[in-house]
Amino acid sequence: MGPVVQTTSGAVRGSSERGAHVFLNIPYAAPPFGARRFQAPAPPNSWEGIRDALAYGATAPQPHRQFTLVPEPVTPGDDCLNLNVFTPSGSGPGDALPVLFWIHGGGFTAGCNASTWYRGEPFAAHGVVTVSINYRLGAEGFLVLDGAPSNRAVLDWVAALTWVRENIAAFGGDPTKVTIAGQSAGGVACSTLLCMPAAKGLFRAAICMSGSRVPTDAAADTIGLTRAVADELGVDPTLRGLASVDPEQLVDVQDAAATRVAGAGEPVRIGFGPVVDDDVIPKAGLLVDPDVKVMAGATAEEFNAAMRGLAGKMDDERLVRRLGRMGVDGEATAAAYRAVLPDAENWWLYGQAVTDSRFKSPSDRLVGAWAKGGGDAWLYAFEWRSLLPQFGSVHCLDIPFAFDNLAAAGAREVTGEGAPQELADAMHGAFVGFIADGDPGWPAYDVSRRAGKVFDATSKVVEDPYRFERETWTRSSL
């Protein structure tokens, strides 16, 4: 018999694995289909007796492909608004343990909470309760429709955080010691929650990994995407029209619609995501709260390898043109990159520019704005390169180090054999320290100093690690 915990919806039975109690597929909201489709999340259905929480649950409708390098299975089913809880064996009510609340990435169109990379047993070994969630993706979660609330996936995040506030004490966690964290789109989710009055009080810290941008697109300006999706399906761009289509059909067309709207040449195309609607997400941007601590960072070469297909196809003129479309002086920026990477080919320079503009500079900007606004913030840079040379310091590479899951299925296929456990110890330890005590172990970011932690084979504190990226891509006085 596994451990049993009473939630507000009913009792759940978990399992004991690797020194942790594990509870999988706990509903935090009702299935978002049928009459609830395209609506705000509703409270979960209650149940009688004890519900087995022994296997991962359904994932949100999504393409049957891997958007990133992270192994994330696709599991059909309507009850996709579910979460998992990993807690130290023997923990229970009254223990008041710190909580990690994990939001997966996947470009807001893919991903789930069932990846082996997200297993929480290593955090449980250090006294941290881990919660990992699923949420609505793509058009189901983000498409703007008259008669439906916008930012439905964002409301899912808030609903899951509300579930944590009401239930996590029964698992040994402290609802006042919650740290939200996520990578890629999950990092953007965390930076979005930092902009929301409705999320105030639901967490005390945030970790934004390779995703630190805040929403800027107005809901009204995304109607073109709604029309493109409807055109692909041959229905009216209305709530009734889209609701008449099976969710899998909607998934089948949403990528094509997003490409039509954004353009195929966009280097990092995320067609679906949070929008400024002056309701869930206001125009104000970051709402700096001195009671909330922030940590953000990126890998050294996030999207460089993704540009390998341009090898031999990108001459100097094309490089300058592509950089210019990113909002900077193409010639001057190309010259700046050639000065710091004199041996790199043009496709690699372009990939580095994408990495710096979309990931590194926003990380620096987020912690700088938080510090300038009176909050405590920490910057990190993950610079270790995979032992498999085709990857470099690629997007997602830091996840198994942060979770201390180097032996997880699929990790060696990205890190290579013999990834340094010392680096996992250092990064995982920093995350544990930040989640537990609000201190990852290096100086907080200050706009006069800009100290950051570089995680590599030898990790160290560096002064202003993102200076080049900030000066190249951030039009700011920070």
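Author: One term first: a residue is buried if its relative accessible area is under 20%, exposed if over 50%, and partly exposed in between, taken with a 1.4 Å probe on protein chains only. Helices (H or I, at least four residues) and strands (E, at least two) are DSSP runs, numbered from the N terminus. The model is predicted, so local features need pLDDT of at least 70 and side-chain atom pairs count only at pLDDT 80 or more, while totals for chains, interfaces and linings use all residues. Residues are numbered from 1 along each chain as its sequence is written, and side-chain values use heavy atoms, with hydrogens and water left out.

Reader: Fine. Which residues of α4 are buried?

Author: They are A185, G186, G187, V188, A189, C190, S191, T192 and L193. That makes nine of the nine residues of helix α4 (residues 185-193), so the helix is largely enclosed by the rest of the structure.

Reader: And what covers them?

Author: The cover includes β7 (97-103), α3 (152-167), β9 (173-183) and β10 (205-209), where contact means heavy atoms within 4.5 Å. On the strand side, α4 lies across β7, β9 and β10 and runs at about 130° to β9. Axes here are lines fitted to C-alpha atoms, for helices over the stretch in contact, and angles run from 0 to 180 degrees between N-to-C directions.

Reader: How do α3 and α4 cross?

Author: Their axes come within 11 Å and cross at roughly 75°. The two helices are therefore roughly perpendicular to each other; in this scheme, angles under 35 degrees count as roughly parallel, over 145 as roughly antiparallel, 65 to 115 as roughly perpendicular and the rest as oblique. The contact is made by W157, V158 and L161 from α3, together with A189, T192 and L193 from α4.

Reader: On to the sheets. What is the order in the sheet of 11 strands?

Author: It is an open sheet with mixed pairing, in the order β3-β4-β6-β8-β7-β9-β10-β11-β12-β13-β14; two strands pair if DSSP finds at least two bridges between them. At its edges are β3 (15-17) and β14, each pairing on one side only, and the twist from one strand to the next averages 25°. Within this sheet, β7 and strand β8 (residues 129-133) pair in the parallel sense over five bridges, with L100 standing opposite T130 in β8. Helix α13 packs on the sheet as well, touching β7, β9, β10, β11 (293-299), β12 and β13, and its direction makes about 150° with that of β10.

Reader: What about β13, is it buried or exposed?

Author: Five of the five residues of strand β13 (residues 451-455) are buried, so the strand is largely enclosed by the rest of the structure. Both of its faces are covered, with A451, K453 and F455 buried on one side and G452 and V454 on the other.

Reader: Which strands do the bridges join to β13?

Author: Four bridges join it to β12, and those two run parallel; A381 has V454 in β13 as its bridge partner. Another four bridges join β13 to strand β14 (residues 460-463), in the antiparallel sense, and K453 has V461 in β14 as its bridge partner. β13 and β14 form a hairpin, with four residues between them.

Reader: Switching topic: how many aromatic pairs does the structure hold?

Author: It holds 19, counting rings of Phe, Tyr and Trp (its six-membered ring) whose centres lie within 6.5 Å, with planes under 30 degrees apart called stacked, over 60 edge-to-face and the rest tilted. W378 and F434 form an edge-to-face pair, at 5.7 Å centre to centre and 75° between the planes. This pair links distant parts of the chain, 56 residues apart, because W378 is in strand β12 (residues 377-382) and F434 in helix α13 (residues 421-437). W378 is buried, with a relative accessible area of 5%, and F434 also counts as buried, at 1%. Elsewhere, ring pairs link W102, Y118, F123 and F403 into a cluster.

Reader: And what sits over the ring of W47?

Author: The charged end of R51 does, 5.2 Å from the ring centre; this requires NZ of Lys or CZ of Arg within 6 Å of the centre and within 35 degrees of the ring normal.
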